[in-house]
Amino acid sequence: TMSRATLFAFAIACILAALFSIEGAQEVHEEVTDVSSPEFKKIASETYKKIAPCLEKAWMYADKNIKIDWKFPDDAQAHFEHILDVTDPFRHVSVHEYAGYEGPWIENMFISKYMSIPLYKFRGVIPIYVQWIDSQILRGRLFNNILNELNKVLRPNVIYMAISQGDVGLGMIGRAHPNILALSAGGYGHVVIPLVKGELEIQPHREEFDNDVAFFGNPRQPPRPNMLPEMEQLAQKLSLKFKLAQGANWLADMNATKFNLAPRGYGRSSFRFAEAIQMGRMPVFLYDDVPWIPFQNTNISATTFGLVGQRSESGQNTLADVMHSIKNMTEVEYRAKLKQLHAVRSHYTYRGVFRQIAMFLQDPFGPDGGHLQCASHPRSERCCG
C-alpha cells in the first residue's frame with residue numbers, strides 16, 4: 001500500500017500531465033495574456049456565452065426571476081487576487097479521511113497546482129480555490145465563514161468556477177451565488193465529473209466469477225434500502241448469483257463479481273462506479289432522480305461499457321430491465337462492453353479527470369472542450385436549505 005506522501009506525489013504528477021495538456025490545447029489559440037485588454041475581453045465574452053446558459057437553467061436561478069447582464073470585470077486580476085486573499089484560510093484545512101483513504105482528493109489537487117496557472121489561461125472564468133469538502137466535513141461555523149467572506153467579494157454578473165466533491169456540493173454558498181459554475185463529483189452543481197477515490201490496479205480478465213451481481217458497501221445509505229432488496233429479489237427470480245456484503249474484503253469481492261452494483265448514496269454519485277471501472281469490472285449504476293455520472297450523451301457514456309438503472313419515489317423503475325439485460329447478455333455483447341470499459345478506464349483516474357477539465361477550460365461545452373456536459377438536477381432541501 002502506498003503511503004499518503006507517495007499518493008500525493010503520484011497525484012501531483014497526474015495533475016502536471018494535465019497542466020501540460022492546457023498548454024498544448026492553447027497552442028491553437030493566439031495567446032492574449034493581459035486580462036484587462038480588449039482582445040482578452042472578447043475571449044472572455046465568448047466563454048461567457050458558452051457557460052451562461054448552463055448556469056441560467058439550473059434550479060439555483062429558478063426563484064430569482066432576473067436577467068443577468070454578464071460581464072467579465074475590468075479589474076479581473078485585482079478581483080481574482082482579492083478572492084485569493086479572503087479565501088486563504090479555507091485552503092489550510094485538514095484533509096479528511098474516508099473509507100481508509102486519506103487523500104489527496106480532487107479539490108486538494110486542484111488547489112495544489114492550478115493556483116499557479118495565470119488567470120488568462122482560464123479564458124474568462126475566475127476560479128475559486130477552497131477546500132469545500134474538507135470544510136463541509138467539519139460542518140458548522142467554518143462553512144458559514146466561507147459564505148460570509150464570499151458575500152463580501154463575489155459579484156452577481158461575473159462567472160466563477162469551483163471544483164466540488166461533496167455530496168451537498170457548495171451547499172448554501174451555491175444557492176447564494178448561483179453564478180459559481182460547479183464542476184461536481186458528488187451530485188450538486190452544473191457539470192458532472194467522475195467521483196474518484198485514489199486509483200485501483202486493473203485486474204486480470206476472468207472467465208468465471210463467484211457472483212453474477214453484487215454490491216459491497218453500506219446498504220443503509222438512502223436510497224439504497226429501496227433499491228438493493230429489489231435487485232436481490234430480481235436476481236433470485238432470474239437464477240443469478242447475488243451477494244450483498246460490507247467489510248474489509250470488498251476489493252477481492254468486487255474482483256470476483258461480474259456485474260458490480262454502484263448505487264448512489266447520500267450524494268447522487270458513487271465511489272464504487274469509478275472503482276469498478278478502474279478494476280476492469282463492469283459497473284451497474286443505480287440512481288433515483290437523475291443519473292449523476294459523467295460523459296452522458298457522448299460516445300463514452302456509461303451505457304457503452306456498463307448498465308444504468310433507475311428506481312425513483314415518483315414511480316420510474318427500470319431495475320427489472322437492468323437485471324434482464326444482465327441475464328440475457330451474450331458473451332459477444334459482454335466482451336464488447338468490456339473492451340469499451342478498458343478504453344475509457346483512464347477517464348476515471350485523477351489524471352483523466354484533470355485532462356477533461358483542461359480541455360473544458362479551452363472550449364466549455366464546445367467541440368474542442370472534451371466530454372464534460374452541462375447537467376441539471378432538482379433542488380434538494382438537504383443540500384441548500
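Visitor: Which helix do E149 and K152 both lie in, and how many residues apart are they?

Guide: They both lie in helix α6, residues 141-153, three residues apart, or about one turn of the helix. Before going on, note that this is a predicted model, where local features need pLDDT of at least 70, side-chain atom pairs count only at pLDDT 80 or more, and totals for chains, interfaces and linings use all residues. Numbering runs from 1 along each chain as its sequence is written, and side-chain values use heavy atoms, with hydrogens and water left out.

Helices here are DSSP runs of H or I with at least four residues, strands are runs of E with at least two, and both are numbered from the N terminus. E149 and K152 form a salt bridge, with the closest N and O atoms 3.2 Å apart; the term means a side-chain nitrogen of Lys or Arg within 4 Å of a carboxyl oxygen of Asp or Glu. K152 is exposed at 61% relative accessible area, while E149 is partly exposed at 23%. The cut-offs: buried is under 20%, exposed is over 50%, and partly exposed is in between, using a 1.4 Å probe and protein chains only.

The whole structure has 18 salt bridges. Another one pairs D363 with K50, at 2.6 Å between the closest N and O atoms. D363 sits in the loop between α13 and α14 and K50 in helix α2, so this pair ties together parts 313 residues apart in sequence. Here D363 is buried at 8%, and K50 is partly exposed at 32%.

K50 is also where α2 bends by about 30°, with a proline, P53, following within four residues; the bend is the angle between axes fitted to the seven residues ending there and the seven starting there. The buried residues of α2, among them F40, Y48 and C54, pack against β3 (180-184), contact meaning heavy atoms within 4.5 Å.

The partner of C54 is C374, with the sulfurs 2.1 Å apart, and the link is right-handed, at 95° about the S-S bond. C54 is buried at 4%, whereas C374 is partly exposed at 23%.

Conventions: Disulfide = S-S within 2.5 Å.
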